[in-house]
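This report sets out selected features of one structure. Please consult the sequence and the model alongside the text.

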Amino acid sequence: MRTDNRDIKNTIISIYFILIIAAVLLATVFQSYNLVEGSSIYVLIGLLVTVIIVHFVARFFEYDSDGANVIITNSGLILTDHFNYRENKVEVARHKITGYRIVNYYFYKSLIVYTTQSNGKVTRERFNITLLKNKKVKYVRQSLKKIIKENKSKKL
């Protein structure tokens, strides 16, 4: 099964654009009207915090369980064509997946996949699935359940 959140990219770019335009407009409006200088700093800090939150939440997620390996990819949405600085890609054999967990915080949702290495050590990989639609999260959950169920039946 293959799924991703490719359709969210244009929305995130639009949000960045709106936030940057709002910051520029607010900076010029506060400066031109000589309003209270302390309040303009608070507004700009608020916009900066909002941009940082959007930056950390906005991640591209791709899941591919077709074939012998499961490929899970997380990468940034902005400037990924030129600078792929936030990519987290895991390609693991299906029989090495031992478990998963989906953690749902208020503004952040993550997928944790547990795999075994050749020496028996269990490793975990964390992926940001915040912008993945609930329907697609359900598909990923079903696929991982099926893989784990197959692995448990092969062990017995």
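## Basis of the model

The model is predicted: local features require pLDDT of at least 70 and side-chain atom pairs count only at pLDDT 80 or more, while totals for chains, interfaces and linings use all residues. Residues are numbered from 1 along each chain as its sequence is written, and side-chain values use heavy atoms, with hydrogens and water left out.

An open sheet is formed by 3 strands in the order β5-β6-β7, with antiparallel pairing. Because β5 (97-104) and β7 (122-128) are the edge strands, each with a single partner strand, one side of each lacks a neighbour in the sheet. From one strand to the next, the twist averages 20°. Strands are DSSP runs of E with at least two residues, helices runs of H or I with at least four, both numbered from the N terminus; two strands pair if DSSP finds at least two bridges between them.

Strand β6 (residues 109-116) is joined to β7 by 7 bridges, and the two run antiparallel. Thr115 stands opposite Thr123 in β7. Helix α3 (residues 134-155) lies across β5 and β6, running at about 155° to β5. Axes are lines fitted to C-alpha atoms, for helices over the stretch in contact (heavy atoms within 4.5 Å), and angles run from 0 to 180 degrees between N-to-C directions.

## Asp4

Asp4 is found in strand β1 (residues 2-4). Its relative accessible area is 15%, so Asp4 counts as buried (under 20%; exposed is over 50%, partly exposed in between, with a 1.4 Å probe and protein chains only). Not counting residues up to four places away in sequence, Asp4 touches Phe60, Phe61, Glu62, Leu132 and Lys136.

The side chains of Asp4 and Arg6 are joined by a polar contact of 2.7 Å. Such a contact is a pair of N or O atoms within 3.5 Å; within protein, one must be able to donate a hydrogen and the other to accept it, and residues adjacent in sequence count only if both atoms are side-chain atoms.
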